[in-house]
Amino acid sequence: CYLHSAGLGKFFTNKTHKKICPSCNKPSALLLESCSFCSHALSDEHIRPLGRDPLLEAVLGTGAAKSQGFAEVHRSFEILVLKNCYPVGQEHL
């Protein structure tokens, strides 16, 4: 999903940016005009960049993924196997 902000003169995506509510500090999708948690009014001035994705950090090998609950089990050219401290199931591929 792409959003163009005429006021800011930029394009944004939900993968890299969210609207952060000044009232409750929760993230909301870019297309929303009010906070999905507390219904506070949101505008383009509330668009903020998100932190880096922990899975991306694991692939890049920066070490930041480990602090976010991922531990590398195996790495090769074709595959990266991670252990998550909050798994959905026993195996997740």
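## Contacts of L80

Setting aside neighbours within four places in sequence, L80 touches A58, V59, E72, H74 and R75. One of these contacts, V59, can also be described by distance: the C-alpha atoms of L80 and V59 are 7.3 Å apart in space, while the two residues are 21 apart in sequence. The structure described here is a predicted model.

L80 belongs to strand β7, which covers residues 80–84. Is L80 buried, partly exposed or exposed? Its relative accessible area is 27%. Buried means under 20% and exposed means over 50%, with partly exposed in between. L80 therefore counts as partly exposed, because its value is 27%.

## The chain as a whole

The chain contains 2 helices and 7 strands. Read from the N terminus, the elements follow the order β-β-β-β-β-α-α-β-β.

The chain has 93 residues, and 20% of them count as buried. Among the chain's contacts with a separation of 6 or more, 27% come from residues 24 or more positions apart.

## A sheet of three strands

In which order do the strands of the open sheet lie? The sheet has 3 strands in the order β4-β3-β5, and the pairing is antiparallel. Its edge strands are β4 (27–28) and β5 (47–49), each of which pairs on one side only.

Strands β3 and β4 run antiparallel and are joined by 2 bridges.

## H17 in strand β3

H17 is found in strand β3, which spans residues 17–20. This is the strand listed between β4 and β5 in the sheet order β4-β3-β5.

Is H17 buried or exposed? The relative accessibility of H17 is 18%. The limit for buried is under 20%, so H17, at 18%, counts as buried.

Which residues does H17 contact, apart from its neighbours within four places in sequence? They are F12, L30, I47, R48, P49 and L50. Strand β5 covers 47–49, and the contacts of H17 include I47, R48 and P49.

## Two residues side by side

H17 lies in strand β3, and L80 lies in strand β7. H17 counts as buried at 18%, whereas L80 is partly exposed at 27%. The contacts of H17 include F12 and L30, while those of L80 include E72 and H74.

Key: Residues are numbered from 1 along each chain as its sequence is written. This is a predicted model: local features need pLDDT of at least 70, side-chain atom pairs count only at pLDDT 80 or more; totals for chains, interfaces and linings use all residues. Side-chain values use heavy atoms; hydrogens and water are left out. Helices (H or I, at least four residues) and strands (E, at least two) are DSSP runs, numbered from the N terminus. Buried means under 20% relative accessible area, exposed over 50%, partly exposed in between (1.4 Å probe, protein chains only). Contact means heavy atoms within 4.5 Å. Two strands pair if DSSP finds at least two bridges between them.
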